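Hi,

Here is the structure I promised to pass on. Have a look at it first, and then read my notes below.

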Amino acid sequence: MSQVDDFSDDERELLDRWSAPTPPVSFAARVLRERRRGWPRVRYGVVAACLALLTAGLLLRNRGDLSGMVQSNARSTIDIGKRAVVVAESGTVLEYHVAKDWRGEGTGPVWVEQRQGTAFYRVERGGAFKVHTVNGTIEVTGTCFTIAVDERTGVLVTVHEGSVVAEHEVGGTRESVLAGNSVLLNPKGVVATHAHSASAAPHIMHSERYSGMADLGDHVALMEQTAQLREQVRVLQNRLASKPNSERTYGLDQDELLRLADNCELSWDTPQVQVGTSPKLTDDDARALGLTPEQRRILEETMAQANARMVGILQTTYIAVTGDENIAGLSATALLSEIEDKTSTPEMQRIYERLAAERAGLPPRSPKPQGREAQVEELYRAYVTMGDELQGVLAERLGASLAERIRDLRDGFSSRRHSSFGCP
Amino acid sequence: MPPEPRVSAVAQGQSHKPSGDSTEIDDVTLERAKRGDPAARERFVKLYEARVYALVGRLLLTCPSEVDDVAQEVFVRALGALSRVETRGDSKISTWLLTIATRASIDVLRRTARAERRHGRAAADTASFPDTEPFSDMVMARDLDTRVRRVLAELSHDHRAVLVLRAYHDLDYGEIAEVLGIDEGTVKSRLSRARMALKAELERETLRNAGGKA
């Protein structure tokens, strides 16, 4: 038995207040998966050899590129490898080659020759992407642009997003073209760049300088509009797919939400909130999710925005509740601690009661609060819905499936929380 | 005769009373786990995961993802060494596992401390308690709970380890000394200091209750 005197009842009570984290349901499975990766060393050589053979096989199988020739009789949409979509108008002729990666997918450098016609390009960031035309080459690093090849006037490049570098065929004159600008490559060289924003476009396209290209200008504007609409549709589709069922939140069904509401309890998951810094994804998590560097950047950027928003709400509430505007150096924990010190237990109980009912789709069980209680309630509302909102934004930016996997990686953002102050 | 089980539901941080059974893996399952039987290994992890997780969480006082990483590493190490473990007399698998978990956690804390010394204290909020405490934990903690965490977090990790092993995992002086590689006298003095900090917080709480809420 123990050689040590037991703690006093008071000490025990105090120690009991320090709850410990509990492992997620999937913990054992993950450990055992991880363990299986650690095979005995004697097998490493065999595995390495197999992998080498497999890699060599893949490289051999996937050597070469994807290529195609387009002679468009009507408007058509063409995927060029994994990174680009081209909308080619009737009369467009182009040829493309995309280098394969080790998986045999077209994610490598892209070479396009656009001989004639008008084509709209949307290119994701990645390796080199070059479009060769009769008058020059357009080099891309992730952007949307339109190229219109006209035998009389030249090649009009209009950039909608990002930037391109246009290099003239003769003499190698290079011109960087930013979003909202156009450049004309005529047989004599790079003619000019002009703003083509919504208000400026008609002016440019119908100016004397561009006479003969007015149709192209209208065309470009129309295609730009089409692209914007497509993008809006994509965002809306993602939003629809990711929209949390209004009758449920992460991992909770309606019965559970009703039970929580009966007990004035809240259960939610949330990312960590930190002042002065942003949450970063670990390399292991990025690998586990199979994120590309760009996806990882987007994820961390989105999480940073969610963090900044929550910190903003926290700081605003702190100032409103305490009247103290000196928030420099105060952590999230300290801010909340002060806010809670100014909030009575009955107030917290009512806040929890209302929020739990709200999440269960029930009518409010007490009148809408005023003053300090209302401000603290808003803070908590933002906090308990933070996970769902973050998943929604991630779904818009990365797709619903990946957003769901990100949230599921650790059974919810950071961890699941369950809390109550009792009912009023 | 199997040793009297002493580790209880404290792993979930809810109780300090021994539960009486099922706290140690039985010999048959242990032998099967040592031979690599997947079901037995899963049983092994599930039986001890809450204890290891709780210990690592209380020692690290950091974000859940780091606790998860360290706890996972503890089990990966333990499963790797399981076939070489011998249980003699009163020695228990749980104590062995808690030893791995404690040392792994302290290693992490020391590495963090070294990094802070090298680079200077981070300007951001994440450098140490209470700033590393997940904000969400804070919501639940409130008042006394939070202050208890803060008091215990202000102890050095060596002192905190003694308190956690004694208070939440019910190890005796000798076992704690073995886990931490120190002598029993040091265990006693560290525990004493930790309890003094608790008492001080209790007194402050009593004064607060007497004075009412600000």
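(Helices here are DSSP runs of H or I with at least four residues, strands are runs of E with at least two, and both are numbered from the N terminus.) H12(A) itself covers residues 386-398. Its 13 residues should span 18 Å at 1.5 Å a residue, and the end C-alpha atoms are 18 Å apart, which agrees; the expected span is 1.5 Å times one less than the number of residues. Quite a few of its residues are buried, including Met386(A), Leu390(A), Leu394(A) and Leu398(A). Buried means under 20% relative accessible area, exposed over 50% and partly exposed in between, with a 1.4 Å probe and protein chains only.

Before you go further: this is a predicted model, where local features need pLDDT of at least 70, side-chain atom pairs count only at pLDDT 80 or more, and totals for chains, interfaces and linings use all residues. Residues are numbered from 1 along each chain as its sequence is written, chains are lettered from A and ligands numbered from 1 in the order in which they are written, and side-chain values use heavy atoms, with hydrogens and water left out.

Now for some helix packing. Which helices does H11(A) pack against? One is H9(A) (residues 332-341), which meets H11(A) (residues 371-384) at an angle of about 140°, with the axes 11 Å apart. The other I looked at is H10(A) (residues 345-359), where the angle is about 45° and the axes are 10 Å apart. That makes H10(A) oblique to H11(A), and H9(A) and H11(A) are therefore oblique to each other too. For reference, axes are lines fitted to C-alpha atoms, for helices over the stretch in contact, and angles run from 0 to 180 degrees between N-to-C directions. Under 35 degrees counts as roughly parallel, over 145 as roughly antiparallel, 65 to 115 as roughly perpendicular, and the rest as oblique.

H9(A) passes H11(A) in a left-handed crossing. Leu336(A), Ile339(A) and Glu340(A) of H9(A) make that contact with Val376(A), Leu379(A) and Tyr380(A) of H11(A) (contact means heavy atoms within 4.5 Å). The crossing of H10(A) and H11(A) is right-handed, and among the residues making the contact are Ile351(A) and Leu355(A) of H10(A) and Val376(A) and Tyr380(A) of H11(A). A crossing is left-handed if the near helix is turned anticlockwise from the far one by less than a right angle, and right-handed if clockwise.

Two residues have a positive phi without being glycines. Cys264(A) has a phi of about 55° and sits in the loop between helix H6 (254-262) and strand E14 (265-270) of chain A; at 1% relative accessibility, Cys264(A) counts as buried. Asp170(B) has a phi of about 60°, in the loop between helix H6 (157-167) and helix H7 (173-180) of chain B, and is buried with a relative accessible area of 13%.

Chain A has 13 helices and 15 strands, and 45% of its 424 residues are buried. Chain B has eight helices and zero strands, and 55% of its 214 residues are buried.

Cheers
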